[in-house]
Amino acid sequence: MTRPILFKNGTIVTMDAAVPDLATGDVLVEGDRIAAIAPSLPAGDAEIIDATGCIVLPGLVDAHHHAWLGALRRLMPDVDDLFAYIGVVAETLGKHYRPRDMYLSTHLTAIASLDAGITTIVDACHSSRSPDHTDAALDALAASGIRALHMVGPAMDKGASSAHLPGDLERLARTWNADDSLVRVGLFGQFNLAWWQAARRLDMRILTEFIGDLATLGPEFSEPGILGPHNIFNHCTRLPETTWRRLADAGANVTVNPRSDALFGFDDDSFAYQRAVDHGLSPALGIDLDTAFGSDMFGEMHALFHQQRAAMRNRRSRGEQDVPAPITVRAVLEAATVNGARTAGLERTIGTLAPGKQANIIMVRTNGAAVFPLTHAIGTIVQAVERSDVDMVMVAGRLRKRNGTLPGVDLDRLAADVTASRDYLLAAGGMHVGL
């Protein structure tokens, strides 16, 4: 048995309706659970983490990320054509991925996520080229210590085989989907009804990329039990009103990617996040891809706040009536925590700080030159804090980052291995990239 851990004298942001925030307070962790939250708790035999001058809050949830692209970071920072992007990452490079490349890219994304305060990731893998590739990705997630929902999906390049799907889902569910597993498996199914039915028989969550210009939700998906809270729809840009009503009536989950939706021009000033909210849904945030961005949710929170404000202000300036109110920083943080947990099917386990919930906790410093003085805790998290301010990260009671460093992670070795993987992929694809 490990000693309890007591976060002492921090500013506590719980994001839980039943547990009030505390200007100064303590959080006690016993095993993998939060045992108590109060203005002051006795230390007993607990190991004390001094949280003075820090904010303690739930771990961030990245609700949509293609972790397998980790080795291709910033390869296409200016791309604005989805099909040009697919041509490079799938047809030129993706088809050459070995299981080792899958492991290294996924592991890098997971480690970078932990470093940035992300304790849970929905890994949208549209490159499950074989069972060996899937096993490599799952092993990489498990080795990192992150909590993850790995969504298994066919590779995008035209020459790839998906003959192992959906049949391989049964093996994966048996191996990974225990109640206490940090890493679980779902289906990246797109609009394939037979695959959806296979996933539902295994009680899996189902992920679908949904851009209104490119796809429709056909009537065949109206069969009872097919569409529901187990569904996750990403992007959801430019969807017709009838589709929004179907998603809302089914209680489906919606995720948006503020930076990549803008990068590819998917969204307009109808704004998918706001459309989801208008229909009673609680959209979550995802980073989407590393080929243009970094693995941090702070960038997504910044983008969501400012894009919603800009879109709604533009609608007001055109004379529209009943335009939604400007977004608040609390709503943004809810999208990055509470809503993400619900999307992953983990709202009873994580997403807020409350006694009995698993201890997915992060602690951020407020003594940085860009941060102090601390005046508004949630405003500071959403608008000022960055990766470098994340001091401590805990996943299910285990410290994965402490004092600003990642214990047990050899970054030099990881950098060398990932760079070699990237160089192999570029050479195999005949692609030269200048600095």
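Helices and strands here are DSSP runs, numbered from the N terminus. The model is predicted.

**Exercise 1.** Find the cis peptide bond that ends at Pro166, and place Pro166 in the fold.

*Solution.* Start with omega. From Leu165 to Pro166 it is near 0°, and the bond is cis. Now locate the proline. Pro166 sits in the loop between strand S8 (147–152) and helix H4 (168–176).

**Exercise 2.** Classify Met15 and Ala396 as buried or exposed, and give the phi of each.

*Solution.* Take Met15, in the loop between strands S1 (5–12) and S2 (22–30). Its phi is positive, about 60°, although Met15 is not a glycine. The cut-off for buried is under 20% relative accessible area. Met15 has 8%, so it is buried. Next, Ala396, in the loop between strands S15 (390–395) and S16 (398–401). Phi of Ala396 is positive too, about 50°. With a relative accessible area of 15%, Ala396 is buried.

**Exercise 3.** Describe how helix H2 (residues 99–115) packs on helix H13 (residues 411–428).

*Solution.* First, geometry. The angle is about 135°, and the axes lie 10 Å apart. Therefore H2 and H13 are oblique to each other. The crossing of H2 past H13 is left-handed. Second, contacts. Residues of H2 including Arg100, Asp101 and Leu104 meet residues of H13, among them Leu411, Leu414 and Asp417. Third, classes. This H2–H13 contact has 8 nonpolar, 2 polar and 3 charged residues.

Definitions and conventions:
Residues numbered from 1 in each chain as written. Predicted model: local features only at pLDDT ≥ 70, side-chain atom pairs only at ≥ 80, totals over all residues. Heavy atoms only, no water. Axes fitted to C-alpha atoms, helices over the stretch in contact; angles between N-to-C directions. Helix = DSSP H or I, 4+ residues; strand = E, 2+ residues; numbered from the N terminus. Parallel < 35°, antiparallel > 145°, perpendicular 65-115°, else oblique. Left-handed = near helix turned anticlockwise from the far one by under 90°. Contact = heavy atoms within 4.5 Å. Nonpolar A, V, L, I, M, F, W, Y, C, P; charged D, E, K, R; others polar. Buried < 20%, exposed > 50% of the residue type's maximum accessible area, 1.4 Å probe, protein only.
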